[in-house]
Each structure stands twice: as C-alpha cells, then as structure tokens.
Number of protein chains: 2
Amino acid sequence: MVTLKDVAKLACVDVSTVSRALNNSAYVHPETKARIMEAVKELSYQPNVLAKGLREGKRHTIGVVIPHLHMTTFAEITQGIEEEATKAGYATLICNTGDDPAIEKAYLNRLRNGFVDGIIIAGTGSNKKLLRDIQVSGLAVTQIMRKQDPEISSVTVGYKTSAYEATKYFADKGCKQIGLINGTMKLAPYKERYQGYQKALKELGLTETTAEFDNPVNTMNYGYDCTMELLRRNPQLDAIVAAVDTQGIGALRALKEKNIKVPEEVRLISLTGQAIGAMLETSMTAMEIPAKELGEKAAVMNLEDIGSKTKKPSARHLVYSSVLVERESS
Amino acid sequence: MVTLKDVAKLACVDVSTVSRALNNSAYVHPETKARIMEAVKELSYQPNVLAKGLREGKRHTIGVVIPHLHMTTFAEITQGIEEEATKAGYATLICNTGDDPAIEKAYLNRLRNGFVDGIIIAGTGSNKKLLRDIQVSGLAVTQIMRKQDPEISSVTVGYKTSAYEATKYFADKGCKQIGLINGTMKLAPYKERYQGYQKALKELGLTETTAEFDNPVNTMNYGYDCTMELLRRNPQLDAIVAAVDTQGIGALRALKEKNIKVPEEVRLISLTGQAIGAMLETSMTAMEIPAKELGEKAAVMNLEDIGSKTKKPSARHLVYSSVLVERESS
DNA sequence: CTGAAAGCGCTTACAG
DNA sequence: CTGAAAGCGCTTACAG
C-alpha cells in the first residue's frame with residue numbers, strides 16, 4: 001500500500017507538506033506542489049480513509065437503517081440518499097432491520113461506534129431512548145418516512161391528508177363501503193393514515209372496514225390476505241384504500257381470484273404510489289410520492305447536521321404531500 | 001467518547017490489558033478481567049472500529065457494487081449479502097452504478113482505499129483492468145449475477161440453460177413463433193440467454209424474433225417497449241421469453257393494451273423469477289432463481305477470500321440453476 | 001513556505 | 001499475568 005510517506009520520499013519533502021498540498025489546507029510553493037502531484041500520480045497514491053477518519057474524527061459515512069429493501073419504497077429512497085451522499089464524498093452503509101426491534105438495536109449499537117457520522121432511519125419506534133442517546137452523543141440523526149420521535153428531524157409524507165383525500169375521492173365516485181388495508185398502529189405512518197381515513201368517514205357518515213395483521217406489512221402477501229379479510233368482513237365492499245403499492249398489488253390479485261371486477265365492482269387506490277403502478281395489468285390509481293426525492297432531502301438534512309457545530313441541532317420536519325394520479329383501478 | 005484509556009483508568013490497569021481482556025487475545029487474570037468488564041459496562045464503552053481497523057489493516061466492511069436497487073433482483077441479493085456479512089461482523093457499503101462505467105470506475109477507485117476489505121460486484125464489464133488491479137492489490141473480489149471475468153470468482157445462474165429450457169418448454173406447448181426480450185450483449189447474462197434461446201430454436205427448426213434496446217435494461221418500461229417491438233416485427237408471435245421479471249410485467253401490460261390474451265394468444269415466461277410473479281393479476285410463469293441465496297453465497301465466498309492469507313485466491317465459479325414454476329401466463 | 005512532533009484509539013510483540 | 005513502547009497512516013498546531 002502506498003502511503004503519504006512514500007510520496008514524501010519521492011518528492012523529497014516531509015509528509016506534512018504532502019498532506020497540506022493534497023488538502024489545500026495551507027499555502028505550498030507551486031513548484032513543491034507540482035513535484036508532489038507528480039509523485040502522487042507516479043505512485044498512484046490514494047489516501048487511506050481510515051487514518052484520515054481516525055485523525056479527523058469523521059467517517060465520511062452515513063448509516064441507513066430501514067426495514068426492508070426488496071420490493072419496497074425504501075429501495076428507491078436509499079438510491080436517493082446514496083446519490084446525495086456520494087456527491088458530498090460520503091459512503092452509504094445499509095442496515096435492514098426487518099422491522100425487528102432487536103435487530104435494529106444491534107445495528108444502532110454498532111453504528112454509533114465510529115462506524116458512521118450520521119444515521120438516516122425508518123425505525124420501529126422501539127428504540128427511542130437509544131436513538132436519542134446516539135443523537136446526544138453527537139451523531140446526526142434523521143428520520144425518514146416514519147416520524148416516531150418529534151425531537152428528531154424527519155422527512156415524511158402527509159399520510160393523514162393522503163388517506164383523507166383518497167377516501168373522499170372514492171366517496172365522490174359514489175362509494176359507500178370503503179375499506180382500508182393498513183399496518184400496525186405502532187408505526188406512525190399507519191396510525192396517521194387511519195386517522196385520515198376515519199376523519200373522512202366521519203364527515204361522510206360512512207362506517208369503517210379495516211384489515212390489519214402483524215408484520216411484515218410491506219408485502220404483496222399482506223395485501224392479499226387483508227383484501228380477503230376485508231371481503232369477509234364486508235361483502236358489500238366497493239372500494240379499497242391500500243397503504244402501499246405492494247399491498248395494492250396483492251389486493252388486485254385477491255380481487256381477481258374472487259372474480260371481482262376492478263374498478264366496476266371494487267375500486268382501488270394506493271397511498272404510496274411508485275412507478276410500478278402504471279405498469280400493472282390493471283394500472284393502479286395512487287397518491288404518488290416522490291420517494292427518491294425524500295431520500296435526497298433526508299441525506300441533505302443529515303449532512304447539514306453532520307457539518308454543523310452544535311451537538312444537537314434543533315429538529316426540522318419536512319412533510320411532502322402526495323399527488324393523486326388516476327389510472328384504471330378507480 | 002469513551003476510549004480504552006478511560007476503561008483502563010477506572011479498572012486501574014494498562015490499556016493493553018484492557019485490550020487483551022476484550023479480545024480474549026491472551027490470558028488475563030479472572031479477577032482483573034471481571035474488574036475490566038465492570039468498567040466497560042459502567043462506562044458503556046464501545047471500541048472504535050476506525051482505530052481498530054487502522055491498526056489491524058481491516059475495515060470489516062464489504063462494498064456491494066450493483067447497477068440498480070429499486071425493483072430489481074439486486075435488492076434481494078443485497079439483503080442476502082448483508083445478512084451474511086452482519087453475521088461475520090461486517091458492514092455492507094452500497095454503490096449503485098446505474099450500469100454507467102464512469103460511475104462504476106469512480107466507486108471502485110474510492111472503495112479500493114481502505115474503504116472496504118472486499119467487493120461484491122455486478123459489473124458493467126467496462127472496468128476489467130481496474131477490477132483485476134484491485135484484486136491483485138489484496139482486496140477480495142467476487143462477481144455476482146454477471147461473470148464478466150473468468151479470473152475472478154463468481155456466483156451466477158445458468159442463464160444459457162434457463163433460456164434453452166424456457167424456449168423448449170414453449171415449443172412443447174406448440175408455440176412456433178417464440179420471441180425474446182433481452183438486454184445488451186455486453187453483459188454476460190444477456191449474451192448467454194441469447195445463446196440458449198438460439199440453440200433451442202436451431203434444434204427446433206424455428207426462427208428468431210428478438211428485441212433489445214439500450215440501457216436501462218432492468219425495467220418495466222423496457223419490457224413494455226420490447227414487447228411492442230416484438231409484435232411489430234412478428235405479428236404471429238405466440239410466446240415471449242423475458243429475461244427478467246420487471247420486463248415480464250411490462251410485457252403483460254403491453255399485451256393487455258394490445259388486447260392480446262395471455263396465455264391463450266401469447267404465452268409468457270420470465271427467466272429470473274422472484275416473489276412478485278405469483279402475485280400479478282395474470283400470475284407469471286418463471287424460471288425462478290434463489291436471489292437471496294446467491295447473495296448469501298457471494299458474501300460467504302468474499303469473506304473466505306478476505307480471511308485467506310494468499311493474496312489472490314484461485315477463482316471459483318458457482319452456478320445456480322433455475323427452476324421452472326408454472327403459473328397462469330404460460 | 002516547510003519540517004518536526006504530537007496524537008487520533010487501538011493492538012501486539014517485548015520484557016519482566 | 002501485565003506494563004511500557006512502538007506503530008497503523010494521517011493532520012495540525014508550533015516553530016522557524
């Protein structure tokens with residue numbers, strides 16, 4: 001491995017001068033600098049990020065703690081985070097928790113030790129104290145998609161509004177029996193969606209039909225099972241609001257197996273629309289969210305906090321709104 | 001930040017003794033050890049991975065270089081990698097290249113500098129020399145899904161066989177005009193699939209209909225566009241072999257828009273089946289691959305190479321076979 | 001403008 | 001069984 005020392009030797013200067021030249025941290029005589037740069041090129045020297053990190057107390061790495069990567073909006077969010085992080089010279093460390101508090105705890109404990117400078121998390125909500133400790137200890141923490149703790153900055157979507165609007169939208173179409181496929185109320189987004197749904201129903205004078213099982217919530221099978229449950233609870237069902245796209249895909253499958261026509265007999269909307277909605281056989285109406293942008297913004301906020309001097313920057317909360325995109329399913 | 005020094009002071013021993021106790025690297029008197037452990041607990045000390053890494057010349061991190069995370073098999077593969085890596089105490093660094101050789105190059109250059117101990121890559125094939133250099137320099141390199149370089153270990157799928165079998169399968173069903181949605185031949189998997197398809201057609205005495213555009217290849221839109229192209233080139237088409245699931249989803253959409261019944265008029269199969277196939281409205285027949293397991297195996301191989309003394313371990317190539325799962329689309 | 005020294009937090013021969 | 005010292009590769013006051 002080529003080190004600063006090798007470069008210094010070849011350029012006949014001290015390592016400190018090489019360091020200064022490379023970091024532009026102080027004036028170095030142009031001729032000296034040129035000689036150093038030549039040596040760097042000749043040896044194809046690359047600074048050791050570890051040593052640099054140790055010395056500077058920085059890792060140039062952001063940890064991303066999410067429930068699940070495959071077939072969820074988190075894959076797209078993660079790409080957004082990675083893009084921004086890379087721009088700033090930061091690497092992205094991935095941690096899939098499967099929404100298991102114990103796994104999440106283990107990851108957080110690992111991350112806090114000099115593994116990363118900041119953490120972006122879509123958490124289970126079961127490690128609030130640990131997360132606050134981490135923030136207090138000086139790491140930048142940003143919540144994404146799930147605002148479980150108001151004391152910690154977040155980038156989320158207006159879930160309540162989106163569920164409210166979706167329900168109203170169906171009522172406008174004449175639906176009277178509107179069902180909701182939701183997730184565990186322990187997670188803020190699901191709770192808020194439920195509130196929006198309920199608020200709309202109340203205003204409309206309609207009664208609720210909901211289905212919600214245990215984790216994992218972000219899956220097609222979950223949507224399938226919940227749809228079957230909704231139909232059992234309310235055979236008159238004429239509309240389904242699904243929290244996420246994957247649930248919606250499962251719902252379409254379940255409805256097809258039951259020989260129920262979409263949208264003629266049952267209308268369907270997803271509250272977390274992504275690209276796939278447009279490409280389904282029955283394309284899916286959705287409240288679309290800019291997932292990648294959410295990731296980018298979260299990264300930017302996190303990087304800001306990493307850069308700031310104050311130990312615990314005041315929490316900022318960014319809420320995106322979703323946009324109705326009508327397709328065949330409604 | 002709590003350091004070894006703090007623990008040593010509290011336990012009234014030297015830092016070296018604390019280090020030995022914590023790493024079980026030498027005998028430490030049980031009483032001393034107990035005292036140390038108590039101090040560790042009291043201060044909730046956590047070793048600094050950076051310093052440890054610098055000293056040991058290890059990062060305990062694996063870099064994962066893939067084209068795209070969202071809606072591809074790589075999300076699942078990445079989860080498999082992460083799981084195995086975590087078991088071994090390794091973290092996982094994500095790099096999305098978008099199959100752009102320049103971005104890939106930039107990432108590889110960053111990774112080689114002490115950023116990681118090993119790299120698992122689904123590469124573009126355009127940075128072969130760099131990748132070999134990296135391997136020679138002592139990093140463990142493992143190819144996943146795409147075996148672009150026979151000198152570097154790989155975990156892949158028998159793409160040729162899978163395309164061959166899929167084509168034969170359709171012929172057995174009486175299809176005569178079997179089309180292929182493929183990707184760029186620069187990528188090994190697409191090339192091999194084409195070879196398998198051709199071989200089968202030759203044996204069957206059938207003629208080919210293929211569609212293939214430029215990148216990005218792993219998308220639904222790509223499948224949609226290719227299907228339209230196939231239908232234009234061959235209106236008699238009675239079967240479509242799609243390289244990956246997302247292409248298949250796009251194909252189903254295109255066929256629906258053209259009012260072509262699946263499987264009555266055109267049959268469809270995906271060569272890289274994952275969970276979503278079962279949940280589509282017209283569930284998709286596929287040659288299923290154990291994506292997560294591929295990721296796990298690649299991680300295990302990479303970790304083995306990281307652990308081995310030899311600088312450049314001899315290349316091993318693991319080839320998974322895919323399994324036909326019949327569903328409604330065929 | 002540049003060198004010499006100290007130090008980031010750890011591990012590992014080397015003594016004893 | 002344990003301490004003291006050296007060193008991983010870097011950066012940054014401190015002199016001059």
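How many residues surround DNA strand D, and which are the closest? In this predicted model, DNA strand D is surrounded by 28 residues, and the closest are Thr3(A), Leu4(A), Ser16(A), Ser19(A) and Ala51(A).

**Surfaces near the DNA**

- The surface near DNA strand D draws at least two residues from each of helix 2 and helix 4 of chain A and helix 2 and helix 4 of chain B, and helix 2 of chain A gives the most, with six residues.
- Sorted by class, the residues of the surface near DNA strand D are 12 nonpolar, 10 polar and six charged.
- DNA strand C is surrounded by 28 residues, of which the closest are Ser16(A), Leu4(B), Ser16(B), Ser19(B) and Ala51(B).
- Helix 2 (15-23) and helix 4 (49-56) of chain A, together with helix 2 (15-23) and helix 4 (49-56) of chain B, each supply at least two residues of the surface near DNA strand C, and here it is helix 2 of chain B that gives the most, with six residues.
- The surface near DNA strand C is made up of 12 nonpolar, 10 polar and six charged residues.

**How the two chains meet**

- Between the protein chains, 38 residues of chain A are in contact with 38 residues of chain B.
- On the side of chain A that touches chain B, the elements that give two or more residues are helix 4, helix 5 (73-87), strand 2 (91-96), helix 10 (220-233) and helix 11 (245-257) of chain A, and by class this side has 19 nonpolar, 12 polar and seven charged residues.

**Domains of chain A**

- Chain A is divided into domain 1 (4-47), domain 2 (58-156 + 291-321) and domain 3 (159-290), and the centres of domain 1 and domain 3 of chain A, taken over C-alpha atoms, are separated by 62 Å.

**A sheet in chain B**

- Chain B holds an open sheet of six strands in the order 7-6-8-9-10-12, with mixed pairing; its edge strands are strand 7 (209-211) and strand 12 (323-325), each of which pairs on one side only.
- Neighbouring strands of this sheet are turned by 20° against each other on average, direction ignored.
- Strand 8 (residues 239-242) and strand 9 (residues 267-273) of chain B run parallel and are joined by four bridges, with Ala242(B) standing opposite Ser270(B) in strand 9.
- Helix 8 (residues 159-172) of chain B packs on the sheet, where it touches strand 6 (178-181), strand 8, strand 9, strand 10 (285-288) and strand 12, and its direction makes about 160° with that of strand 9.

**Backbone details**

- Most residues other than glycine have a negative phi, and most peptide bonds are trans.
- Asn24(B), in the loop between helix 2 and helix 3 (30-43) of chain B, has a positive phi of about 50° although it is not a glycine.
- Val262(A) and Pro263(A) are joined by a cis peptide bond with omega of about 5°, and Pro263(A) is found in the loop between helix 11 and strand 9 (267-273) of chain A.

Note on methods:
Residues numbered from 1 in each chain as written. Chains lettered and ligands numbered in written order. Predicted model: local features only at pLDDT ≥ 70, side-chain atom pairs only at ≥ 80, totals over all residues. Pairing = 2+ DSSP bridges. Axes fitted to C-alpha atoms, helices over the stretch in contact; angles between N-to-C directions. Contact = placed C-beta atoms within 7 Å. Near = placed C-beta within 6 Å. Nonpolar A, V, L, I, M, F, W, Y, C, P; charged D, E, K, R; others polar. Domains from an automatic or database assignment.
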